[in-house]
Amino acid sequence: MTTSSAPGKVYLFGEHAVVYGEPAVPCAIERRARVTVEARHTDERLRVQANDLTLDGFTVTWGGETEDRPDVDVPTPLVEAAMGYIDGAIEQAKDAAEVSDIGFDVTIESDIPLGAGLGSSAAVVVATIDAASRELGVDLDSEVLADRAYQVEHEVQDGEASRADTFCSAMGGAVRVQGDDCRRLRDVPNLPFVVGYDGGTGDTGELVAGVRALKEEYEFADDTVEAIGDIVRNGEAALEAGNLEEVGRLMDFNHGLLSALGVSARSLDTMVWAAREADALGAKLTGAGGGGCIVALDRTEQTHTALEYTPGCEEAFRADLDTDGVRPEE
Ligand code: PMV
């Protein structure tokens, strides 16, 4: 039996603009998915048990064929996506270890809300590949692991995934992603993140398409995307200089531009304003938008407390920058 864990992430800067070649800075947070695997030599099936905030505990036995869909009481697309990720991750581990005729029992425990801009699927994929490859006697370097995890997301999301979530989850810390060029930022101070979650989710495909349409119609929307790229470049410098006040100011600016591009929502704006009024250093939506999470920077307890009393905020939690990426667990 082998267990690995991998962190979720927030976007400090740059979501949506990253789709058009601008840089983005995702950061790993202290909220993890833990995956335990046990190889079975009697058959080649995959048995998955998930205990998750949204998927309220389900057990499935799955042979990898779509007609063999698990019989569980959660929306089919969610189960299909979840199983696609896990099946893909196990295939990557088998490929790395050059074995084929083996089955696995997989148990997933995740503290990361699903589909809310916190990179839950990437964390599960990264932890699954790590645990399963170690179970098969292979230790993958984190960059190789990040790439294998990206291949899985790319396939499940029909080529729409960026490398941000998987690279960040595998490496930990604050990372910079621009197209295929990914690296970890050095000398980053601790980032006291506070996350507010509205309990909902946004449709990433639809939101990305909306921004693309605006960009095609208006030159100033195109300029807005470029301006987000400028914010990211300034943000990187502020981060490496340890200037959290400036990082916060740039997060506020980034949220304003995302809002102008139509990807915020009333619930997200309400939480962002609650954080600002609680004297957070900065606050913005994280991920695709439309619903899900905001991230604020606050060294004090004030933003956390304010969010807990904000109507429409279903859950608020502190989660510092996690400098560890994927790691083995006992
Ligand atoms: O909501 P998330 O964490 O999947 O982030 C989406 C980020 C986008 O920039 C909107 C899309 C992408 O693939 O980069």
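Helices here are DSSP runs of H or I, at least four residues long, numbered from the N terminus.

**Figure 1. Confidence across the predicted model.** The structure is a predicted model. Its average pLDDT is 90, and 91% of the residues score at least 70. Residues 53–58 have a pLDDT below 50, and this stretch makes 18 contacts in the model beyond near neighbours in sequence. Residues 63–67 also have a pLDDT below 50; for this stretch the model shows 3 contacts beyond near neighbours in sequence.

**Figure 2. Lining of the second largest pocket.** The volume of this pocket is about 200 Å³. Helices α1 (76–97) and α3 (142–156) each contribute at least two lining residues. Helix α1 gives the largest share, 5 residues. The lining consists of Gly-84, Asp-87, Gly-88, Glu-91, Gln-92, Gln-151, Val-152, Glu-155, Val-156 and Asp-158. Sorted by class, 4 of the lining residues are charged, 4 are polar and 2 are nonpolar.

**Figure 3. Setting of Asp-165 in helix α4.** Asp-165 lies in α4, which spans residues 164–171. Asp-165 counts as buried because its relative accessible area is 16%, and the cut-off for buried is under 20%.

**Figure 4. Contacts of Asp-165.** Leaving out residues up to four places away in sequence, Asp-165 touches Lys-9, Tyr-11, Gly-119, Ala-122 and Glu-153. With one of these residues, Lys-9, the Asp-165 side chain forms a side-chain to side-chain polar contact of 3.1 Å.

Technical notes: Residues are numbered from 1 along each chain as its sequence is written. This is a predicted model: local features need pLDDT of at least 70, side-chain atom pairs count only at pLDDT 80 or more; totals for chains, interfaces and linings use all residues. Side-chain values use heavy atoms; hydrogens and water are left out. pLDDT is the predictor's confidence in each residue, from 0 to 100. Contact means heavy atoms within 4.5 Å. Buried means under 20% relative accessible area, exposed over 50%, partly exposed in between (1.4 Å probe, protein chains only). A polar contact is a pair of N or O atoms within 3.5 Å; within protein, one must be able to donate a hydrogen and the other to accept it, and residues adjacent in sequence count only if both atoms are side-chain atoms. On a 1 Å grid over the protein atoms alone, a cavity is a set of points where a 1.4 Å probe fits but cannot get out, and a pocket is an open set with protein on both sides within 12 Å along at least five of seven lines; lining residues have an atom within 4 Å of a point. Grid points are joined across faces, edges and corners, and a volume is the space filled by probe spheres set on the points. Ala, Val, Leu, Ile, Met, Phe, Trp, Tyr, Cys and Pro count as nonpolar, Asp, Glu, Lys and Arg as charged, and the others, Gly among them, as polar.
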